[in-house]
Structure formats: structure tokens, C-alpha cells
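Student: I have a model open here and would like to talk through a few of its details. Could you help me read it?

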Amino acid sequence: MNSKVQAVLFDVDGTLADTERDGHRLAFNAAFEELGLDWNWGVALYGELLAITGGKERIRHYMENHTPAELGRSGLDGWIAGLHKVKTKHYVSLLESGGIPLRPGVARLIRHLRDANIKIAIATTTTPENVTALLKSTLGEDSPGWFEVIGAGDIVRGKKPEPDIYHWVLDQLGLPAQQCIAIEDSENGLRASLGAGLDTVITVSDYTRSQDFSGAALVLSDLGEPTQPFAVLEGNVPHSGWVDTELLLTLKDESAGSCGIYLSEKAVR
Ligand code: XBP
Ligand code: MG
């Protein structure tokens, strides 16, 4: 065992599952409809809006840029919070209907980390209920309890790309960043994890593929499966394969003094 890797911190949206285009976006639109708003966020517009992390912050940003007259509503903060609550209701029910699967390699990696007694944690911008619903619908009722720490939503003041949520999770874990690894899918997420000093593996998603991932330890298509190896988009990996427990345990190479990722013998067989 490598004592230098004590925990893996997972982002949620885009990393555990492709939740944005056919999940959050649809839930926002359903909430707009329920409240009688004639707003509709198409796929391309939503891609632009993703630059703003956090649903409430995204709604406000949309209003500032597309419906500025609406900003004059009295009790604007409360109104946005109410709209966002309706959105969360729709999103959770979409997840509960089994609408969104985990990305390749996610369930397998989580299982391997647990088997290896490496702690797992969540560091996300999304609302806590969304995390619980996604985990339960994909990994089972008891799966939220597998995570040592779940850091989500408004628990910190600054959402990604601010590093606050990663600092909070590390603090709760009682571990230094040097002993942990983050897995992210977006530039905002990477800025946050790097800001907290975490070596970070990126698995790109459709909305994030062309973003700037400089500073990442490795950029992959996904975590890979034995039957569906990852593609390496940036960084040095001796062979294509899949991220597994042993691979992550060797992520930090003390002798190199920098971050490296290697395929274990098991992984390349
Ligand atoms: C992604 C986000 C979230 C979701 C929407 O978070 O920015 O805002 O798009 O969720 P991450 P809420 O990649 O950090 O998981 O509406 O609940 O904010
Ligand atoms: Mg993400």
C-alpha cells in the first residue's frame, strides 16, 4: 500500500455521471415551465451557462444577461432560491427514475478504492440532495455512507473555481492535499482542486472536452474499463488501460518529486 494516497476526492457533475445536458438542463427547463416562465435553455446555451457554477448563480447570471427586466422583482434572492428548489425537485425525480447512469469506470474504481481502504469523498458545487439521489440511484441505497465526507452546494461561500469546497473536504478528512487525489471533468473544477493543492486527474465530458486543463496530472477520456480502455488526451501513460486502485496508489511518485500516473501490471494485462 502507498501511504501517500489516503483519499480520492470525486467531483460529481460530469465526473461521476454525465448529468448536465440531459439532467440538470432538463430540470431547469421543467422548473421554468412549472413557474410559468417562457425561458428555455437549449443545449448550446446551457454549455455557455455552465461557465457559472451553481444553479442559483447560473439562474441569476442568465437573468442579468437575457432577462434584465426580471431583476427588478422584489425579494429576488428568495425568488431565485424558490425556483431553484423546484429545479432540484425535478432533478431528483429524474435521477430516481434511473435516468442517468454512472460514467465508465466510476463504479469499478469506487469499489476498488473501498477494497484498498482508501477513503473516498465528494467535492461538488451541486445541491446535497442531488448527490444523495445520484449515488442511491446508481450505486444503491447505502452508498452515500461509503463516502467519508460529502462536501456539496452552499456549505462554502465560494463555489468552484474557488478552492473552498476542496479545502473544506480536506479539512473534514483531516488529510493534507499531498496525500489525496482529485478527479474532475471541468476547467472550473480543476482550478478549484489545484487551488487546494491537489493532484488532479481529468476525465473530460462533452461540454468540457476543449477546455484548458493545464496543470492536470493527466487528462483522460474517462476512467476506462477493461472492456473499454480510456484514451489519453494529455499526459504520459505508458499504456492505454483503465484507472484502478493500484494505478491511483502509484499516482504520487516520491522519487520523481512530481505527479505521475502509471498503469499497474494488473491494469495492463
Ligand atoms: C456542477 C454545477 C452545478 C450543477 C447544478 O457541479 O455547477 O451547479 O450544474 O447543480 P460539479 P445545482 O461539477 O462541481 O459537481 O443546480 O444543484 O447547483
Ligand atoms: Mg464537474
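Student: What spacing do the donors of the magnesium ion (ligand 2) follow along the chain?
Tutor: Bearing in mind that this is a predicted model, the donors of the magnesium ion (ligand 2) follow the pattern D-x1-D-x171-D. The coordinating residues are Asp11 and Asp185, each through OD, and Asp13 through O, at 2.2 Å.

Student: And is Asp11 buried or exposed?
Tutor: Asp11 counts as buried, because its relative accessibility is 4%. Asp13 also counts as buried, with a relative accessibility of 11%.

Student: OK, what about Lys160, where is that found?
Tutor: Lys160 is in the loop that runs between strand S3 (149-151) and helix H7 (164-173), and at 4% relative accessibility it counts as buried. Among the residues Lys160 touches, leaving aside those up to four places away in sequence, are Asp11, Thr53, Asn188 and Ala192.

Student: Which side chain does the side chain of Lys160 join in a polar contact of 2.8 Å?
Tutor: That partner is the side chain of Glu184.

Student: Switching to helices, at what angle do the axes of H4 and H6 cross?
Tutor: The axes of helix H4 (residues 76-96) and helix H6 (residues 128-139) cross at roughly 10° and come within 9 Å, so H4 is roughly parallel to H6. Their contact involves Lys87, Thr88, Tyr91, Val92 and Leu95 of H4, together with Glu129, Asn130, Ala133, Leu134 and Ser137 of H6.

Student: How many nonpolar residues has that contact of H4 with H6?
Tutor: Five are nonpolar, alongside three polar and two charged residues.

Note on methods:
Residues are numbered from 1 along each chain as its sequence is written. Chains are lettered from A and ligands numbered from 1 in the order in which they are written. This is a predicted model: local features need pLDDT of at least 70, side-chain atom pairs count only at pLDDT 80 or more; totals for chains, interfaces and linings use all residues. Side-chain values use heavy atoms; hydrogens and water are left out. Donors are N, O and S atoms within 2.8 Å of the metal (3.2 Å for Na, K and Ca); water is not among the atoms, so sites may look incomplete. Buried means under 20% relative accessible area, exposed over 50%, partly exposed in between (1.4 Å probe, protein chains only). Axes are lines fitted to C-alpha atoms, for helices over the stretch in contact, and angles run from 0 to 180 degrees between N-to-C directions. Helices (H or I, at least four residues) and strands (E, at least two) are DSSP runs, numbered from the N terminus. Angles under 35 degrees count as roughly parallel, over 145 as roughly antiparallel, 65 to 115 as roughly perpendicular and the rest as oblique. Contact means heavy atoms within 4.5 Å. Ala, Val, Leu, Ile, Met, Phe, Trp, Tyr, Cys and Pro count as nonpolar, Asp, Glu, Lys and Arg as charged, and the others, Gly among them, as polar. A polar contact is a pair of N or O atoms within 3.5 Å; within protein, one must be able to donate a hydrogen and the other to accept it, and residues adjacent in sequence count only if both atoms are side-chain atoms.
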